[in-house]
Amino acid sequence: MGLALVDQDLSNGNLTQTKQLLSLYRGLHAKLHNGSHGLRERTLLHTVFTTADTAEWSPLREKRVTLDTHFNYKAMRDEAKMLFECLFERRYEREQSLEEGFRGRAALGAAAMFSAAASRSHFWDRLFSDMGDIAEGEEMRVFLFASIFGGTGASGFPTIAKIIKEMAEQHAVKVRIGGALMLPYFEYPDPPASVERQSVILSREFKRRSRQALEYYHDLLTYQYPELFDQIYLLGFDPLLEIGYFKEGGTLQRNKPLLPELLGALAALNFFRLDRSSAPQVLRAGRSSRDVSWDEIPRLDPRAKGHDVKRHLGRLIRFAMAFLVAYYPYLQRNSYPKFRDQSWFRRLIADADVEVGSDDVQQLLSELAKYCQELLTWAVSLKPLPDSLTPEICLFDLERVAQRNPVSGVTLRLNELTSRQKQSFQRAIPPGAHQGLDGVFEGLSRARSDSGGRGLGVFLQTLFDECHL
Amino acid sequence: MKVARPVPSTAEMTKARLAYHPSFRTAVDLLAKATIWLAVAALAYLVAGALLDLPTPLQGLVRPKLRAASFLPALYQSAIDAILIAGVCAFLWWAIAKAWKPASPREALRFQRVWWLLSVVFTGLILAVFHYVVLKDAGPVTRATRAIFLVGYLLSSWGFFLVSVLALSPLTVASAVPGSALVSRLKRS
């Protein structure tokens with residue numbers, strides 16, 4: 001699966017965090033699916049993500065760029081200048097520095113994107129080369145995520161879709177485009193008095209902007225370009241979830257994860273699983289009760305027994321907990337010799353010829369631990385801080401292993417195995433309790449080494465299997 | 001080379017489902033805990049009976065034969081006692097292992113240490129039983145008979161150890177016990 005990130009604000013903390021996570025995931029995937037420590041196919045971390053040399057694309061890459069400098073306003077003919085002045089306001093649009101994004105002004109983004117897409121970059125080259133690789137009769141699927149109320153995303157959503165469709169026609173490739181449009185789902189406090197209000201977007205404007213944008217999309221998809229999107233998913237949250245801080249952009253902007261983003265990811269999975277014959281649709285996420293439990297989360301496979309998303313995500317979360325709290329500390333270089341005589345170690349590690357003390361194994365374990373910590377931090381952050389207005393989000397119950405602070409964020413408490421952590425493992429995926437860490441340990445001790453993995457993959461695969469719901 | 005995961009048989013699936021069924025697990029845990037308390041109470045009664053000279057089942061069983069002071073009945077009695085004690089202790093170990101399940105390698109290590117400690121305590125208890133219950137007021141007992149009983153009880157105290165290893169293997173708690181690696185290998189072969 002090819003992946004690309006579009007952001008005008010290249011220094012943005014959210015973008016940096018995403019790139020770091022992607023790099024961590026890809027490193028782990030390469031080691032656990034291609035190297036000497038193999039996992040079974042279609043299991044833990046099995047999705048392949050590929051990117052161009054640089055995963056991100058910024059439409060205007062010049063330093064201190066403004067719309068005027070990008071379009072070379074001074075060199076324009078008089079008629080062009082007049083048209084330009086009619087379309088864009090001077091102070092907050094034409095002369096505003098765009099290094100930290102389009103600041104919620106979608107019209108600026110659209111102009112910049114069309115112009116920038118004309119000058120080719122690695123981002124587009126990669127996409128078009130992928131189109132060239134599509135066999136006859138096959139189709140390419142592209143899924144776009146964007147907010148409807150922002151700047152880059154709102155402008156890029158239809159613009160990038162149009163560019164891809166046009167390119168696909170030129171390459172004679174059948175392409176299906178799906179997209180998740182994020183309606184307002186969060187809010188943040190107003191900026192301090194020192195920040196000029198006109199140069200930023202206030203969260204109270206989200207609803208008005210969204211309404212305008214939806215009218216635009218209605219017009220676009222009904223009259224102008226009905227076949228542009230094959231599937232559109234509209235996602236939001238009511239009441240708006242509180243972000244708790246204001247940042248104009250840049251490195252310090254690191255928004256906490258929120259539930260609608262998970263729904264967006266599920267929308268993409270749904271799109272990639274659609275039959276070729278499925279008709280275009282616009283789908284809207286909603287819920288039937290105030291609080292959010294697994295019953296409110298869409299399933300991917302309606303024919304599956306039970307809730308498939310809960311089962312898969314639950315197992316991943318439980319694996320992360322079990323690995324961090326019960327195994328990783330004892331697989332470190334100075335700890336593991338004490339446990340070499342235990343059954344699980346002999347069967348799943350020693351018999352698989354894994355040299356636990358070696359640098360590559362220690363590096364792999366440390367990267368996996370980091371990934372697990374990121375995953376658990378994400379799961380903890382999904383639950384809003386208690387508040388009478390905000391609905392309860394009861395997908396993961398990890399309060400016993402994490403401390404949350406509105407300022408410093410999430411701190412995981414997984415250093416030693418206590419009864420609280422054992423309980424948390426059993427009750428991590430509500431409702432009810434699932435197999436405890438003792439059952440997992442017993443399972444590992446009884447497991448056979450032919451789980452389908454190689455090297456350290458034998459142990460990790462077995463642990464992952466044992467963490468089922 | 002990638003190896004396909006073997007598909008579990010229906011019997012294996014049923015066994016796994018049953019083993020993880022909450023009510024089954026609760027029942028087994030309750031049984032295990034009850035066994036521990038019963039065994040501890042029985043041992044306490046045995047020791048207290050010896051100290052306070054109360055009648056105990058073991059006394060009634062053993063003494064008439066001991067008084068006969070003949071070699072063969074003593075040997076038989078010793079063997080029967082050894083098997084009985086080994087069986088009771090193995091069951092007790094099984095119950096402990098069911099009631100206290102290690103949840104991590106570190107807990108398993110702790111469990112193994114407690115395992116060794118309890119083994120020593122149990123051996124001491126068995127020797128106390130031997131001394132107070134069997135030999136006290138036993139009348140004239142030859143050195144050979146006394147030696148046979150002593151060896152028999154000592155063997156039985158370690159016999160339960162091996163029996164419990166066989167019963168629990170390949171559980172983690174058994175993995176560090178001498179002989180369990182051999183048992184695992186035999187099972188796998």
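A crossing is left-handed if the near helix is turned anticlockwise from the far one by less than a right angle, and right-handed if clockwise. The crossing of α1(A) and α12(A) is left-handed.

## Model and numbering

This is a predicted model: local features need pLDDT of at least 70, side-chain atom pairs count only at pLDDT 80 or more, and totals for chains, interfaces and linings use all residues. Residues are numbered from 1 along each chain as its sequence is written, while chains are lettered from A and ligands numbered from 1 in the order in which they are written.

## Helix α12 of chain A

Helix α12(A) covers residues 359–381. Helices (H or I, at least four residues) and strands (E, at least two) are DSSP runs, numbered from the N terminus. At 1.5 Å a residue, its 23 residues should span 33 Å, and the end C-alpha atoms are 33 Å apart, which agrees. The expected span is 1.5 Å times one less than the number of residues.

Eight names make up the buried set: A:V361, A:L364, A:L365, A:L368, A:C372, A:L376, A:A379 and A:V380. Buried means 20 or more other C-beta atoms within 10 Å of the residue's own, exposed 12 or fewer, and partly exposed in between, with C-beta atoms placed from the backbone. The buried residues of α12(A) pack against α1 (13–33), α10 (308–327), β9 (402–405), β10 (409–412) and α15 (456–466) of chain A.

A:Q362 also lies in α12 of chain A. A:Q362 is partly exposed, with 16 other C-beta atoms within 10 Å. Its C-alpha atom is separated by 7.2 Å from that of A:R333, 29 residues apart along the chain.

## Packing of α1 on α12

α1(A) and α12(A) pack at about 135°, with axes 10 Å apart. Axes are lines fitted to C-alpha atoms, for helices over the stretch in contact, and angles run from 0 to 180 degrees between N-to-C directions. The two helices are therefore oblique to each other; under 35 degrees counts as roughly parallel, over 145 as roughly antiparallel, 65 to 115 as roughly perpendicular and the rest as oblique.

From α1(A), the contact uses A:L21, A:L24, A:Y25, A:G27, A:L28 and A:K31; from α12(A), A:L364, A:E367, A:L368, A:K370, A:Y371 and A:E374. Contact means C-beta atoms, placed from the backbone, within 7 Å.

## Backbone features of chain A

A cis peptide bond joins A:D238 and A:P239, with omega about 5°. Another cis bond joins A:P430 and A:P431, with omega about 0°.

A:D353 is not a glycine, yet has a positive phi of about 60°. A:D353 counts as exposed, with 10 C-beta neighbours inside 10 Å.

Terms used
Two residues are in contact if their C-beta atoms, placed from the backbone, lie within 7 Å.
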